[in-house]
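I opened my notebook to look up a few things in this structure. Here is what I wrote down as I went.

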Amino acid sequence: MLRRMTKRYWSVLSTPSRYFSLGFLTLGGFIAGIIFWGGFNTVLEFTNTEAFCISCHEMEENVFAELKPTIHYTNRSGVRATCSDCHVPHAWTPKIGRKMEASKEVWGKIFGTIDTPEKFEAMRREMAEREWARLKNNDSLECRNCHNFDYMDFTRQSPVAASAHSTALASGQKTCIDCHKGIAHRLPDMSGVPGY
Amino acid sequence: MPSPLDRTRKRDERRVFLFLTVVLAPLLTVVVIGVYGLGVWLYQSLTRPPF
């Protein structure tokens, strides 16, 4: 019975259509593809929203709470960064890679890897190191999404900042994350971290 | 007036078309993109220098 059905539908699939025009099939498929792609991207971008990220209490009660008093959350100009601005690459391929890496976060949510303050603190250093390595590896790409070095006005920075930026940063010896750790969330135990 | 066999065939074609556009193509696309993403993730974890 199932074999007969399979044979029947397979023959429909593998032979030219008798009742639907080429125009209908092509246009229909094209429009369906557009609808799908729009839906796919809408969902993808939804997973980049702050509301989505903090729907996990692990995020809302730890890193989001720590973000609130920082300059990346509230400041004079009201220009701020949300979770994805720093943690999700803009370019498509790295973004898709990051989204598959997020399966680890889904696992963590299901199995409660960091679902208590104690568990979170125990893993804080490891999670921080992962992000530091990621940003060091891509030359602080997400920082540079907003902070363009070429347009920095050194005359409006503190003497320490102006000197640091015009030397190590300009030469490429250092990247943003080397000095600006803890800019958004509380630092872990920093023993063994160069420069701290 | 389409004969019963023609009507069956037409119905089958409609079903296959809908299955392809609404189920199979979207599913395959998500799977292919997912596998691509896994590849990117694997590549990055292998080529990332230690912090």
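**Entry 1: a salt bridge**

I started with Lys95(A) and Glu45(A), whose side chains form a salt bridge, 3.0 Å from N to O. This is a predicted model, so I keep that in mind for every value here. Where do the two partners sit? I found Lys95(A) in helix 6 of chain A and Glu45(A) in helix 2, residues 22-46, of chain A, so the bridge ties together parts that are 50 residues apart in sequence.

Lys95(A) has a relative accessible area of 11%, so I put it down as buried. Glu45(A) has 38%, so that one goes down as partly exposed. My reason is the cut-off: buried means under 20%, exposed means over 50%, and partly exposed is in between.

A reminder to myself: side chains of opposite charge can pair when their charged atoms come close.

I looked up Lys119(A) with Asp115(A), and their side chains meet in a salt bridge at 3.1 Å, N to O. Lys119(A) is partly exposed at 35% relative accessibility. Asp115(A) is partly exposed too, with a relative accessible area of 30%.

Then I went to Arg186(A) and Glu121(A), a salt bridge of 3.0 Å, N to O. This pair links distant parts of the chain, 65 residues apart: Arg186(A) is in the segment after helix 11 (176-179) of chain A, and Glu121(A) is in helix 8 of chain A. I noted Glu121(A) as partly exposed, at 39% relative accessibility. Which residues belong to the network here? Through salt bridges that share partners, Glu66(A), Glu121(A), Arg124(A) and Arg186(A) are joined into one.

**Entry 2: the second largest pocket**

I moved on to empty space. Rolling a probe the size of a water molecule over the atoms shows where such space is left. The second largest pocket holds about 260 Å³. I counted 13 lining residues, and those nearest the centre are Pro89(A), Pro94(A), Arg134(A), Asn138(A) and Gln44(B). Two or more lining residues come from each of helix 6 (92-101), helix 8 (117-137) and helix 9 (141-144) of chain A, and from helix 1 (4-47) of chain B. Helix 6 of chain A gives the most, with three residues. Sorted by class, the lining has five charged, four polar and four nonpolar residues.

Pro89(A) is in the loop between helix 5 (83-87) and helix 6 of chain A. Is Pro89(A) buried or exposed? Its relative accessible area is 10%, so Pro89(A) is buried. Pro89(A) and Lys99(A) are ten residues apart in sequence, and their C-alpha atoms are 9.8 Å apart in space.

Chain B was quick to describe: one helix and zero strands. Of its 51 residues, 24% are buried. Chain B exposes about 3,700 Å², with 74% of that supplied by carbon and sulfur atoms.

I also found a nonpolar patch on the surface, with about 820 Å² of accessible area together; Trp10(A), Leu13(A), Phe19(B) and Val23(B) are among its residues. Helix 1 (2-14) of chain A and helix 1 of chain B each give two or more residues to the patch. Which element has the largest share? That is helix 1 of chain B, with seven residues. Val23(B) lies in that helix, and at 38% relative accessible area Val23(B) is partly exposed.

Technical notes: Residues numbered from 1 in each chain as written. Chains lettered and ligands numbered in written order. Predicted model: local features only at pLDDT ≥ 70, side-chain atom pairs only at ≥ 80, totals over all residues. Heavy atoms only, no water. 1 Å grid on protein atoms, 1.4 Å probe; cavity = no way out; pocket = protein on both sides within 12 Å on 5 of 7 lines; lining within 4 Å. Points joined across faces, edges and corners; volume = space filled by probe spheres on them. Helix = DSSP H or I, 4+ residues; strand = E, 2+ residues; numbered from the N terminus. Nonpolar A, V, L, I, M, F, W, Y, C, P; charged D, E, K, R; others polar. Patch = residues over 30% accessible without salt bridge, like charges linked within 9 Å, V, L, I, M, F, W, Y side chains within 5 Å. Areas by Shrake-Rupley, 256 points an atom, 1.4 Å probe, with all protein chains shown as cover. Salt bridge = Lys/Arg side-chain N within 4 Å of Asp/Glu carboxyl O. Buried < 20%, exposed > 50% of the residue type's maximum accessible area, 1.4 Å probe, protein only.
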